[in-house]
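Biologist: I am new to this structure and would like to learn how to read a few of its features. Could we take them one at a time?

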Amino acid sequence: MFLFLSKLIPLFFYPLGSINLLLIIALGLWWIKSKWTPVPIALALTILFLTSNAWTSNWLAQSLEWQNIPKTELPTADVIAILGGGTRSPAYPRPDVDLTDAGDRVWYGANLYRAGKAPKIIVSGGRIGWKGSGSPESDDLTKLLVKMGVPQADIIPEANSFNTRDNAVNIQKILTERGFNSILLVTSAMHMPRSMAIFHKLGINAIAAPTDYRISQLEIDQPNRQTESAILSFIPSDEYFSQTTQVIREYIGILVYKLRGWL
């Protein structure tokens, strides 16, 4: 039940959910011919503008993504741990595993392995049944890693995790069973602050190896390059609307996990 509620309740706090609620309220006020009808409409438009322009969205994303930038070259560790969340399972008409934006995780994890940063890779992630069937994310990741040249024998699948807390708990069990002491934790840069806090809370010696950066210096400098760029950066965009939603999802996740004592 917690898993379902953790997916349902935040929807009403995301920009789209908030805008929909405000417009429903506006419709109700209009129905009763209230003079307050413009208020929720104005609030909805304000939320839409603030969450879908480049300036606000990039600033919010940077506040998460730049927290764990490695200051030096990543050290070696006992194992690389790749968190799921970047694949779609094969299903008609999809002929094979597809990568989402977060699919950089598997590519980066394979690169770290090839660079000799660790001799083993843990791939962690199940598949929530009511969100769509398909093979566990750990299976998808394993399949992709093998195609990238990682030997099957060096991949340790973990298919029973449905959120980041599960990832940490189940990976900790593997570390204990196999005598591993340190991990290079691979996940999206935006997801890394919450992930690192959870792993450290459990006493796991995790070293951040973030990837899938949405915000680089290029994105920060873009609005300042030319007048045209500055103007376009203020115009609402579905791309930035989605990015802001991802940021808010992470901050809500951090809050909920703190309330549960997981951070």
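Biologist: Where is the place of Asp 212?

Modeller: This is a predicted model. In it, Asp 212 sits in the loop between strand E7 (205-208) and helix H9 (217-221). Its phi is near 55 degrees, a positive value in a residue other than glycine.

Biologist: What kind of peptide bond joins Tyr 92 and Pro 93?

Modeller: Omega is the angle to read here. For the bond joining Tyr 92 and Pro 93, omega is about 0 degrees, and the bond is cis. Pro 93 lies in the loop between strand E2 (87-88) and strand E3 (98-99).

Biologist: How do the axes of H2 and H11 cross?

Modeller: Take the distance and the angle together. The axes of H2 and helix H11 (residues 238-259) come within 9 Å and cross at roughly 105 degrees. Angles of 65 to 115 degrees count as roughly perpendicular, so H2 is roughly perpendicular to H11.

Biologist: Which residues in H2 and H11 meet?

Modeller: From H2 there are Pro 15, Leu 16 and Ile 19; from H11, Phe 241, Thr 245 and Ile 248.

Biologist: Which residues make the nonpolar surface patch?

Modeller: The patch is made by Ile 9, Leu 11, Phe 12, Phe 13, Leu 21 and Ile 24, and its area is about 600 Å². One of these residues, Ile 24, lies in helix H2 (residues 15-31). Ile 24 has a relative accessible area of 58%, so it is exposed.

Biologist: With which residues is Asn 58 in contact, leaving aside its neighbours within four places in sequence?

Modeller: With those neighbours left aside, Asn 58 is in contact with Ile 215, Glu 219, Tyr 240 and Gln 243.

Terms used: Residues are numbered from 1 along each chain as its sequence is written. This is a predicted model: local features need pLDDT of at least 70, side-chain atom pairs count only at pLDDT 80 or more; totals for chains, interfaces and linings use all residues. Side-chain values use heavy atoms; hydrogens and water are left out. Patches are made of residues with over 30% relative accessible area and no salt bridge: like charges are joined within 9 Å, nonpolar side chains (Val, Leu, Ile, Met, Phe, Trp, Tyr) within 5 Å. Accessible areas come from the Shrake-Rupley method with a 1.4 Å probe; for residues, only the protein chains shown count as cover. A salt bridge is a side-chain nitrogen of Lys or Arg within 4 Å of a carboxyl oxygen of Asp or Glu. Helices (H or I, at least four residues) and strands (E, at least two) are DSSP runs, numbered from the N terminus. Buried means under 20% relative accessible area, exposed over 50%, partly exposed in between (1.4 Å probe, protein chains only). Axes are lines fitted to C-alpha atoms, for helices over the stretch in contact, and angles run from 0 to 180 degrees between N-to-C directions. Angles under 35 degrees count as roughly parallel, over 145 as roughly antiparallel, 65 to 115 as roughly perpendicular and the rest as oblique. Contact means heavy atoms within 4.5 Å.
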